[in-house]
Every structure is written in structure tokens, then in C-alpha cells.
Amino acid sequence: MSLLTIILLSVALAMDCFAVSISQSACFKRPIWSKWIVMSLSFGLFQGLMPLIGYYVMQLFSDIITAYDHWLAFIILGFLGVRMIVEEFKESDEHDDEKHVCDVNISYGKILILAVATSIDALATGVVFVPCPDRLLLGVSSIGLVSVIMSLIGTQIGFNIGKRLSFKWGVLGGVILILIGTKILIEHTCFS
């Protein structure tokens, strides 16, 4: 797995954190840095931790899945990508009348729930590192770091221009995941 693929995977997985950060910070009239930093660090921690857990769970079944890991990565990443795209359009349809549904008094408990919820998709991506365990540490570090950075950028966008910005970030993340899954499948079926 190349460094570029790891970076693209990291960016794709961070899109949920990015979108949630925009939506949560768009509610505030002044910056609340303590909560934004905690939220960003929580997102990064859980986004990096989940693929690690997924990788070790997949290791238990490595003998069974080695011959099919590229198909499994393609299916999982494709499914997650399509789901991100569908959810992005579904959420925009549900909230047409209320553009920014958010909690002005975001609690640390809610931050934890958001961190876990946005990182569930990352759990399944642990399968991507099964054929290349030497890239696991770099991968989870990159995923965590990019999630923190994207979350901090998202809070700034949300606070400054979030109410006027209506870009579907989840669609971009979904497309990136689908492309990475397709690339993995092509590399293993055409070049092995």
C-alpha cells in the first residue's frame, strides 16, 4: 500500500469528522476552543483506534481471508463509500427546512458519542492493512492525525462560513473510499 493510498484513505475517513465539526461549530457565536480541541482530538483518537482494532480482529481470521482480502476490502470500502453518499443526500433531504440542527451547548458526553459514531466506518477498514502489516502503524497514525487536522479545519469553516456553505463533504469521502477499494481490487487481480 503506497503512502498516497494511505493519505487518501485517511482523508476519506476524516470526511465524517470534518462534516460533523462544521455542523457543530456553525451554531456558536464565539469560538469555544476547549470543546473544539477536545472534539478534534477525540475524533482523531477513535478514527485511528478503530482500524487498529479491525486489523487485529481480521488477523484472527487471516488464514481464511488471505485469498479474498482484496475482494473483502473492495466490498467493504465500496459499501462504506456508497453508504456515505446515500446518507449525505438522505440527511440533506431530512433537514431542508432546518439547515443546521445542532446543539449550542455541546457536552463532553455528546463529543464522545460523536467520536464513536463517526469512527465506526473506520473499524471495517482494518481489513485493508491485513495484506500489508508493515503499513499498519503508519496507516493508523495518518488516519488519526488527518482526522484531527480535518476536524480543526471543519470547526473553523463551520464557525466562519458554515451557515452559508452547503457542500456535500460526505459525497467526496464516499467517492474516495470507492476509488481506493477499486484500486486495491485492480492491483490484486490484474497485477498479481
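Tryptophan 33 and tryptophan 36 both lie in helix α2 (residues 33-59), and because they are 3 residues apart there, about one helical turn separates them. The model is predicted. Its protein chain holds 7 helices and 0 strands, in the order α-α-α-α-α-α-α from the N terminus. Of the 192 residues in the protein chain, 45% are buried. Among contacts between residues at least 6 apart in sequence, 93% join residues at least 24 apart.

**Aromatic rings and a charge over a ring**

- The model contains 4 aromatic pairs. In the pair formed by tryptophan 33 and tryptophan 36, the ring centres are 5.4 Å apart and the planes stand at 75°, so this pair is edge-to-face; the cut-off for that class is over 60 degrees.
- A pair of aromatic rings is described by two quantities, the distance of the centres and the angle of the planes.
- Tryptophan 33 is partly exposed, because its relative accessibility is 41%, a value between the limits of 20% for buried and 50% for exposed.
- Tryptophan 36 has a relative accessible area of 1% and is therefore buried.
- Trp33 and Trp36 belong to a cluster linked by ring pairs, which also takes in Phe159.
- Lysine 35 is placed over the face of tyrosine 108, and its distance from the ring centre is 5.3 Å.

**Packing of α1 against α5**

- Two packed helices are described by the angle between their axes and the distance between the axes.
- For helix α1 (residues 3-25) and helix α5 (residues 108-124), the angle is about 150° and the axes are 8 Å apart. α1 is therefore roughly antiparallel to α5, since the class covers angles over 145 degrees.
- The crossing of α1 and α5 is right-handed.
- On the α1 side the residues that meet α5 are Leu13, Asp16, Cys17, Val20 and Gln24. On the α5 side they are Lys110, Leu114, Thr118, Asp121 and Ala122.

**Packing of α2 against α6**

- The axes of α2 and α6 lie 8 Å apart, at an angle of about 150°. It follows that α2 is roughly antiparallel to α6.
- α2 and α6 also make a right-handed crossing.

**Serine 151**

- Serine 151 is part of helix α6 (residues 136-161).
- The relative accessibility of serine 151 is 0%, so this residue counts as buried.
- Leaving aside residues up to four places away in sequence, serine 151 is in contact with Cys17, Ser21, Ser40 and Phe43. One of these, Cys17, is also among the α1 residues that meet α5.

**Phenylalanine 46**

- Phenylalanine 46 sits in helix α2.
- With a relative accessible area of 18%, phenylalanine 46 is buried, because the limit for that class is under 20%.
- The contacts of phenylalanine 46, with residues up to four places away in sequence left out, are Leu112, Ala115, Val116 and Ser119.
- Phenylalanine 46 and isoleucine 120 are 74 residues apart along the chain, and their C-alpha atoms are separated by 8.7 Å.

Definitions and conventions: Residues are numbered from 1 along each chain as its sequence is written. This is a predicted model: local features need pLDDT of at least 70, side-chain atom pairs count only at pLDDT 80 or more; totals for chains, interfaces and linings use all residues. Side-chain values use heavy atoms; hydrogens and water are left out. Rings of Phe, Tyr and Trp (its six-membered ring) pair if their centres lie within 6.5 Å; planes under 30 degrees apart count as stacked, over 60 as edge-to-face and the rest as tilted. Helices (H or I, at least four residues) and strands (E, at least two) are DSSP runs, numbered from the N terminus. Buried means under 20% relative accessible area, exposed over 50%, partly exposed in between (1.4 Å probe, protein chains only). A charge sits over a ring if NZ of Lys or CZ of Arg is within 6 Å of the ring centre and within 35 degrees of the ring normal. Axes are lines fitted to C-alpha atoms, for helices over the stretch in contact, and angles run from 0 to 180 degrees between N-to-C directions. Angles under 35 degrees count as roughly parallel, over 145 as roughly antiparallel, 65 to 115 as roughly perpendicular and the rest as oblique. A crossing is left-handed if the near helix is turned anticlockwise from the far one by less than a right angle, and right-handed if clockwise. Contact means heavy atoms within 4.5 Å.
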